[in-house]
Amino acid sequence: MASASSGAPMRKVVDYELLFDCVHCGLCLEACPTYALKRAEMDSPRGRIYLMKALAEGRLPLDSDAARHLDLCLGCRGCETACPSGVHYGRLIEDARAFVEANYRRSLMDRTRRAIVNAIFPYPARLRALLAPLKSIERAGLRPALAAMLPRAMREWIELLPPLSGCADERAAMPPAADPGAPAVVVHHGCVAQVLANSENLASEAVLAAAGYRVVRMANTACCGALDLHSGNRDRALDFARRNVRMLAACGADAIISAASGCSTAIAEYGALLRDDPELAGLAKSVSATVRDLSALLLERGLPTMRKLECTVTFHDACHLVHGLGVREGPRKLLSSIPGVRLIELAESDLCCGSAGNYNLTEPEMARELARRKVDNIIATGADYVVMANPGCEFQIAAELRRRRANIKVIHLARFLAMALAG
Ligand code: SF4
Ligand code: SF4
């Protein structure tokens, strides 16, 4: 059983003054996926801010109800975009989660689930080792049979995995060298992404090279720390951030991107995360300042002539792309510039699909409800492709489309552009 804590009030963990930016207007409520589904104040941004304040002031204990309302938040930051008062909700919820992790004992099931995610996902070598037997099972055509035999919780995790035979998880050759004077760009290959979605990394490098950028690589890639920040593991997130700051600075790129928008946002916020680090505060700030979005870089230099692709596409806005980096128009402009492509707007395109880092692994029910809602909207467009710029959303949406046996292809923006560039 989970147990309540009578530990220190949260005031020592969250930046208490930030809570007062909220004027309780409620304009964020309809932008919040959990409020959209539950219609309950305590599962809205405003309700969670009330809750954090009550915890901070010691007026409420950190019991299972309080932890539940905070756990159910996706950290999607839709509320930040909607908020006219500039509430830093992302920072508040990350701090609140660190407090929950330090002061609340979860149920055994919950602890086990979280321990597995924390021990495996940020480490590509461990994830590869874990997936190796599954890859063989898949090659033998036995993956559906295996999934059918597993308990429900494990079956749902397996269902989320993309076909493993299609994962280009090796380090591929660098794209051809560009003009040595061209701006240098590095693609942060991520942790889960380099195992399960490396083709997105490689496609990003290929389209950047096609636009005339000089692609450079990091000597090593560590997890960006976003998974830990979302799970309340602040110390390890800081450790990952420090390692990345050093490695990103060492590769000398003029711009940093990631094929996973959650990673881009995390790196863009290293400056704030490490602001009190006596050694790295300045370097972290300059690394964060060089984070860019793929579409913005491509629009700046322009892509060579693309071949005609006669198809309809719709675009899903990944939360951290639209609410973290504020990128909405660039991907649409690029898609519309491909000859033959017709872009159909997606209803609720910026409502979270339920992936949200590791949320679909730790909160499968809510994640599944959001996936259903997202896929209903995607199917209603009648598009041939649903395009997005985040591998986690790809896995989540593709799994739901497979369950529906819907014939809509899920593809990362970089891979779609690479397909249009291929002769
Ligand atoms: S981060 Fe997303 S789920 Fe959490 S309160 Fe804000 S809008 Fe709701
Ligand atoms: S978070 Fe912003 S939009 Fe939401 S209630 Fe507070 S002030 Fe209003």
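Me: Which residues surround ligand 1, and which elements give two or more residues to the shell around ligand 1?
Reply: In this predicted model, ligand 1 is surrounded by Cys32, Pro33, Pro45, Arg48, Cys73, Leu74, Gly75, Cys76, Arg77, Gly78, Cys79 and Tyr89. The elements that contribute two or more residues to this shell are α2 (45–56) and α4 (78–82).

Me: How many residues surround ligand 2, which are the closest, and what is the make-up of the shell by class?
Reply: Around ligand 2 there are 13 residues, of which the closest are Cys22, Cys25, Gly26, Cys28 and Cys83. Sorted by class, the shell around ligand 2 holds 9 nonpolar, 3 polar and 1 charged.

Me: At what angle do the axes of helix α13 and helix α16 cross, and which residues make the contact?
Reply: The axes of α13 (residues 234–250) and α16 (residues 281–289) come within 10 Å and cross at roughly 65°, and the crossing is left-handed. By class, the contact has 6 nonpolar residues, with no polar and no charged ones. The residues that make the contact are Val245, Leu248 and Ala249 of α13, together with Leu283, Ala284 and Val287 of α16.

Me: Is alanine 237 buried or exposed?
Reply: Alanine 237 lies in helix α13, where, leaving aside residues up to four places away in sequence, alanine 237 touches Gly225, Asp228, Leu229 and Leu273. The C-alpha atom of alanine 237 is separated by 11 Å from that of isoleucine 267, which is 30 residues apart along the chain. Because the relative accessible area of alanine 237 is 0%, this residue is buried.

Me: Why does cysteine 251 count as buried, and where is its place?
Reply: Not counting residues up to four places away in sequence, cysteine 251 touches Val186, Val216, Arg217 and Met218. Cysteine 251 counts as buried because its relative accessibility is 18%, and the cut-off for buried is under 20%. The place of cysteine 251 is in the loop between α13 and β3.

Me: What is the relative accessible area of arginine 114, and which residues does arginine 114 touch?
Reply: Arginine 114 is found in helix α6, residues 108–120. Its relative accessible area is 12%, so arginine 114 is buried. Not counting residues up to four places away in sequence, the residues that arginine 114 touches are Asp71, Glu101, Arg106, Thr362 and Glu363.

Me: Which are the buried residues of helix α19, and which elements do they pack against?
Reply: In helix α19, which spans residues 329–336, the buried residues are Gly330, Pro331, Arg332, Leu334 and Leu335. The elements that the buried residues of α19 pack against are α17 (294–301), β4 (311–315), α18 (319–324), β5 (341–343), β6 (385–388) and α23 (413–421).

Conventions. Residues are numbered from 1 along each chain as its sequence is written. Chains are lettered from A and ligands numbered from 1 in the order in which they are written. This is a predicted model: local features need pLDDT of at least 70, side-chain atom pairs count only at pLDDT 80 or more; totals for chains, interfaces and linings use all residues. Side-chain values use heavy atoms; hydrogens and water are left out. A residue is near a molecule or strand if one of its heavy atoms lies within 4 Å of it. Helices (H or I, at least four residues) and strands (E, at least two) are DSSP runs, numbered from the N terminus. Ala, Val, Leu, Ile, Met, Phe, Trp, Tyr, Cys and Pro count as nonpolar, Asp, Glu, Lys and Arg as charged, and the others, Gly among them, as polar. Axes are lines fitted to C-alpha atoms, for helices over the stretch in contact, and angles run from 0 to 180 degrees between N-to-C directions. A crossing is left-handed if the near helix is turned anticlockwise from the far one by less than a right angle, and right-handed if clockwise. Contact means heavy atoms within 4.5 Å. Buried means under 20% relative accessible area, exposed over 50%, partly exposed in between (1.4 Å probe, protein chains only).
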